[in-house]
Amino acid sequence: MSGATTDGLEARGGAATRLPSDTTQQDVLLDVRDLSVVYESAGQTAVQAVDHVSFSLRKGEFVGLVGESGSGKSTLGYALTRLQKPPARTNGGSIVFGGADIRDLDDEALRQQRQGGFAMVLQSGMNALNPVRTIRNHFIDVFKAHGHVPRERWDGRMRELIGKVKLPETMLARYPGELSGGMRQRVSIALALSLEPQLMVFDEPTTALDVLVQHAVMDTIIALQRSEGFTAILISHDLGIVLEATERVLVMHEGRIVEDGRSLEVLRDPQDDYTKMLLSHYADPRAEVVSLPGFPDRSQRSVSRQETTSSFATVGSRERSAAKNPIVVDHLVKTYPAPRRGEQPVQAVRDVSFTLEPGQSLALVGQSGSGKSTIAKMLTGVEPPTSGTVCFGDTDVAKLGRRGLKDLRSEVQMVFQDPYAALNPLHTVEYILSRPIANYTGLRGRDARRRMLEILETVGLTPVEQFAQKLPHQLSGGQRQRVVIARALASDPQVIIADEPVSMLDVTLRAGVLALLEDLREQWGVSLLYITHDLLSARLITDDIMVLHDGAVVERGRTAEVLQHPQDDYTVALLDAVPNPRRTLLA
C-alpha cells in the first residue's frame with residue numbers, strides 16, 4: 001500500500017507512487033515529480049494548493065484522484081493539462097508527458113501537443129459549452145482550431161463521435177440549453193475525444209447529476225476508456241464512484257497525496273486516516289440500520305420534536321410556533337408547450353396527489369426530468385398548474401395575487417440546490433438575512449439584527465459576529481448552504497422545501513447539513529418536503545417517501561419500508577445505481 005516506493009519517487013509528506021513492479025519506462029505516459037502549485041493574489045497571502053506531489057501513470061491506466069473541495073485535486077488536473085490561469089502558477093517540479101516537460105512548451109507547441117496528447121472534460125457541462133452555438137458548431141470550432149480533420153470529413157466525424165457517447169445525431173442541431181445535464185456532459189466528452197488524446201482528465205464529470213444519469217455517464221466513460229485505450233484520470237470528491245470505476249486510487253488532502261493504491265486494496269485496508277474517514281461516509285439505504293458519522297439512524301434518535309424547544313423560541317415580538325397548515329396536492333398536472341415545431345408537448349407532472357401534513361418530513365425522489373422541481377415551483381406559486389390544485393391550508397395557491405403570494409412565501413420557503421448561485425456574491429451574510437427579516441417580520445434595527453444573529457447560531461455558523469460580515473466567496477460550500485437555510489428560516493416558515501440541498505457538497509459536509517435540517521424540523525416543528533435523487537439522505541431524514549418517474553408517482557410509503565422492500569422496478573433501478581464500492585468490489 002502507501003508505504004512502498006517506486007524508483008525512489010515519493011510524495012513529500014504523503015503516499016508514495018504505486019506502479020506495478022513490471023512497469024518499464026516505456027510504459028509510463030505521465031511522470032509528475034515534486035509538483036507544486038500556488039495561488040498568489042495581490043495583497044493576499046499565497047495559498048499552496050498543490051504541495052510537492054509526485055506520481056506516474058502507465059499507458060492505458062484508469063486512475064481516480066479523490067478528495068474534498070479545497071484538497072487541490074482540480075488544481076492538479078488543470079496543472080497537468082496546462083489550463084491553470086492566474087493567480088494560479090506552478091512553482092516547482094516537473095510534468096513529463098511523452099518524454100517532454102509540458103511546463104517548458106510555448107503556446108504553439110502546447111496547442112499542437114493537445115492534438116493526440118491530452119484533453120480535459122470540465123466539471124459543469126453547461127458552463128463548458130457556448131449557449132448560443134449549436135453542438136455542431138462546437139465540433140467545427142475544435143476541428144478548425146487544430147486542423148486535424150479535413151473539411152470533407154467533418155460531418156462524418158461528428159456523427160461518429162456523438163455516437164460513441166451514445167447520443168443520437170439529432171443532438172448536433174441542438175443548443176446546450178436544450179439538453180439535459182447528462183447529455184451536455186456526454187457532448188463535452190465527445191469534444192475531448194475528437195482530439196484523439198492519449199490522456200483524458202475528467203474533472204467531477206457527474207457532480208449534481210442524479211444517480212441514474214451519473215451511473216450512465218460513468219458507464220460511458222469506462223467503456224470509452226477501454227475501447228479507445230487512453231489513459232484516464234477521474235477527479236471526484238466521491239470516493240464511492242472512484243472506487244467503483246477505477247483500478248487505482250490517489251487520495252488527496254490539503255494539497256498532498258496521502259494514499260496511493262489499487263482500488264480493492266484501498267477499500268479493504270486503507271492506510272491513511274483521511275481515507276478511512278471518507279469511507280465511513282458511505283452506507284446502503286436498504287440496510288436495516290443506516291447511520292453516518294455524526295448522524296445516527298433515525299430509530300436511535302431518542303429526542304422527539306415534542307420534547308425539544310428551539311433556542312430561537314422568541315425573537316422580537318413574534319413567538320416561534322410549529323406548522324399548523326397542511327399542503328394538499330390534488331390531481332396536479334403540468335404540461336409545457338412543445339419545445340420545437342413538430343414535437344409533442346412536454347408533460348412534466350402527471351396526475352400527482354399527496355398531502356404534506358404539519359410537521360411531516362416527506363421525500364420526493366426521482367431522476368432529473370421526473371417532475372420533482374416542477375412540483376416545488378407549483379407549491380410555491382412560481383408556476384401555475386395546467387390542472388389540479390395546490391392548497392396551503394384553505395388557500396388555493398394558483399388563485400393568489402401578488403400580496404397573497406408574499407404571504408404564502410413567508411410560510412413556505414425554498415432551500416436551493418446550488419449554494420454558490422443562490423447567494424448574491426456582492427452582499428454580506430448580514431445583508432442577505434436582514435432583507436427577508438425586514439420584508440416578512442417587520443423587525444427593524446436592533447431587533448432585526450438580534451434575530452439575524454440568532455438564526456446564524458441556529459444553523460451553526462459561529463462565532464456569529466464573524467460570519468455576519470463575510471461575503472459568500474469567503475465561505476465553504478457547507479457554510480454557504482447553511483446561509484441558504486438560514487435565509488429560508490428568516491421568515492419563520494411553516495414549510496421548508498429543500499430542493500437537492502446536498503447534491504453539490506462533499507460527502508463529509510452532507511451529514512452536517514442533513515443533521516441541521518433534521519434538527520430544525522424537530523425543534524421548530526416545520527414541515528419538510530425534501531426533493532432529492534439521493535436515496536441515502538432520504539432514508540436518513542424523512543418519515544415518508546414518494547418515488548416519481550416521468551412525472552407520475554410510481555411508489556409511496558414509509559421511507560425505510562419502501563427502500564428496504566421496493567415494489568416498482570424504477571425504485572429498484574434507483575437503488576442499484578447508488579454508488580456502493582463494497583458491493584461492487586467485494587462481490
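How are helices H3 and H4 oriented to each other? In this predicted model, the axes of helix H3 (residues 135-146) and helix H4 (residues 154-164) come within 11 Å and cross at roughly 115 degrees. Angles of 65 to 115 degrees count as roughly perpendicular, and H3 and H4 are therefore roughly perpendicular to each other. The crossing of these two helices is right-handed. On the side of H3, the contact is formed by Ile-135, Arg-136, Phe-139, Ile-140, Phe-143 and Lys-144, while H4 contributes Trp-154, Asp-155, Arg-157, Met-158, Leu-161 and Ile-162. Sorted by class, the residues in the contact of H3 with H4 comprise 8 nonpolar and 4 charged residues, with no polar ones.

Helix H15 (residues 477-489) packs with helix H16 (residues 507-524) at an angle of about 20 degrees, and their axes lie 10 Å apart. Because angles under 35 degrees count as roughly parallel, H15 is described as roughly parallel to H16. The crossing of H15 and H16 is right-handed. From H15, the residues Gly-478, Gln-481, Arg-482, Ile-485 and Leu-489 take part; they meet Leu-509, Gly-512, Val-513, Leu-516, Leu-517, Leu-520 and Trp-524 of H16. By class, this contact of H15 with H16 has 8 nonpolar, 3 polar and 1 charged residues.

Leaving aside residues up to four places away in sequence, Ile-375 touches Val-349, Val-352, Phe-354, Leu-364 and Leu-548.

The average pLDDT is 86, and 89% of the residues score at least 70. Confidence is highest in strand E3 (residues 62-66), at a mean of 97, and lowest in strand E11 (residues 314-315), at 37. Over residues 1-17, pLDDT stays under 50, and the model has 53 contacts beyond four places in sequence for this stretch. Residues 302-320 also have a pLDDT that stays under 50, and for them the model has 38 contacts beyond four places in sequence.

Key:
Residues numbered from 1 in each chain as written. Predicted model: local features only at pLDDT ≥ 70, side-chain atom pairs only at ≥ 80, totals over all residues. Heavy atoms only, no water. Axes fitted to C-alpha atoms, helices over the stretch in contact; angles between N-to-C directions. Helix = DSSP H or I, 4+ residues; strand = E, 2+ residues; numbered from the N terminus. Parallel < 35°, antiparallel > 145°, perpendicular 65-115°, else oblique. Left-handed = near helix turned anticlockwise from the far one by under 90°. Contact = heavy atoms within 4.5 Å. Nonpolar A, V, L, I, M, F, W, Y, C, P; charged D, E, K, R; others polar. pLDDT = per-residue confidence, 0-100.
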